[in-house]
Amino acid sequence: MKLTKTLMATTALTVAAGAAVAEDMAMEMTLVSWGGAYQTSQDKAYVQPYLEANPGLTVTWDESSSEAVAKLRAMDETGNVTWDLVDVVASDAMRLCDEGLAVELDADADLAAAPDGTSASEDFGDLLVSDCYAPQIVYSTTFGYRTDLVGDTAPTDVCSIFDLDAYPGKRALQKRPIDNMEWALYCDGVEKSAIYDTLGTPEGVDQALAKLDTIKDQVVWWTAGAETPQLLADGEVVMGSTYNGRLFSAIAEQNQPIGMLWDMQSFDLDGWIVPANLPADRQARAMDFLKFATDTQRLADQAAYISYGPARKSSAPLVGKHADLGIDMAPHMPTDPANATNVHIYDYEWWADNRDDLDAKFQAWLAR
């Protein structure tokens with residue numbers, strides 16, 4: 001996105017966001033995200049412009065989104081909520097909303113309308129999957145591989161992760177059941193349409209873990225999205241899962257010898273929740289920032305720094321070239337037709353209902 005557009009939008013917003021400097025709003029804010037290239041894209045696309053429009057405000061980043069549910073539960077128990085806005089995946093937003101740990105939002109009142117006047121609820125559409133959730137981006141968890149470590153035949157399907165004969169070496173997988181269990185069942189012969197029905201049975205859970213057992217001693221488990229690109233860059237793993245934007249950064253920005261494997265990429269959403277029970281001044285600040293950070297221009301601007309698709313329909317036509325590299329970003333989005341020929345549609349609601357139970361079983365399996 002051209003810098004002039006961003007500056008013009010920021011200048012115009014300074015007037016529109018006049019309430020943001022009111023004395024009844026907190027002048028400190030803690031944002032929780034995932035670190036790495038994604039958090040950098042957030043900082044550049046809307047945190048820095050917001051700070052320019054709100055002199056005196058300070059923002060602190062916390063990179064604890066992977067632990068958001070557990071930490072917000074603990075904060076609620078102690079009555080000391082130290083976070084102001086938290087970036088979470090959709091299923092975690094659903095859990096937090098169901099438990100009363102996130103503020104319910106009125107999309108059309110709390111989020112900005114599109115530039116042509118289209119309401120926020122219509123602009124976000126089906127991606128408003130929870131009453132407490134303001135989605136920002138569509139991303140995928142997929143696989144990267146070292147192009148110089150896979151021999152003459154690069155992997156083309158997700159089940160290569162389980163093929164230790166064709167692709168010997170360490171793999172990197174996220175230290176959670178989500179995606180790993182689905183990929184395991186798929187690569188053990190379960191049809192995509194039957195994955196969640198199968199995973200909903202004790203036998204299905206055992207089947208998925210048995211498949212993962214076949215590579216368990218070759219897995220490096222990661223908890224932060226930046227880990228797999230670094231493991232690949234260092235040659236410590238031959239392939240590994242991570243977020244598509246992290247792989248884009250390693251390939252396009254850092255020129256690492258890494259290839260992308262889009263087969264069975266797992267679509268998901270990332271977005272904001274406002275923690276419940278904030279003091280009035282902090283909640284007012286969080287809501288003001290939320291409206292700014294999820295408007296049409298801000299989400300389009302974010303796509304200039306990382307290859308995640310904006311969650312608003314009105315943002316898509318504004319996605320242009322990478323802010324620094326000058327390359328067209330559209331072909332690098334997980335939603336590009338060439339990348340989406342065989343997609344795993346992640347079931348947010350199923351995981352919201354079953355996450356705690358599967359987490360416990362997965363952790364017990366890891367400890368065996």
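Here's the tour, one selection at a time.

**Before you click**

What you're looking at is a predicted model, where local features need a pLDDT of at least 70 and side-chain atom pairs count only at pLDDT 80 or more, while totals for chains, interfaces and linings use all residues. Residues are numbered from 1 along each chain as its sequence is written, and side-chain values use heavy atoms, leaving out hydrogens and water.

**Stop 1: colour by confidence**

Colour the chain by pLDDT, the predictor's confidence in each residue, from 0 to 100. The chain averages 92, and 94% of the residues score at least 70. Now select residues 1-22: here the pLDDT is below 50, and the stretch has 27 contacts in the model beyond near neighbours in sequence (contact means heavy atoms within 4.5 Å).

**Stop 2**

**Stop 3: where the domains meet**

Zoom in on the interface, where 22 residues of domain 1 are in contact with 17 of domain 2. About 1,600 Å² is buried between the domains, and carbon and sulfur atoms give 56% of that.

Next, show side chains for R73 and D356, which form a salt bridge with their closest N and O atoms 3.2 Å apart. The rule for a salt bridge is a side-chain nitrogen of Lys or Arg within 4 Å of a carboxyl oxygen of Asp or Glu, and it finds 3 across this interface. On domain 1's side, helix 2 (36-53) and helix 4 (90-98) each supply at least two of the touching residues. Helix 4 brings the largest share, 5 residues. Helices here are DSSP runs (H or I, at least four residues), numbered from the N terminus.

**Stop 4: A68**

Finally, select A68 in helix 3 (residues 68-78). Is A68 buried or exposed? A68 is buried, because its relative accessible area is 1% (buried means under 20%, exposed over 50%, partly exposed in between, using a 1.4 Å probe and protein chains only).

Methods. Buried area is the accessible area (1.4 Å probe) that two parts lose on being put together, summed over both.
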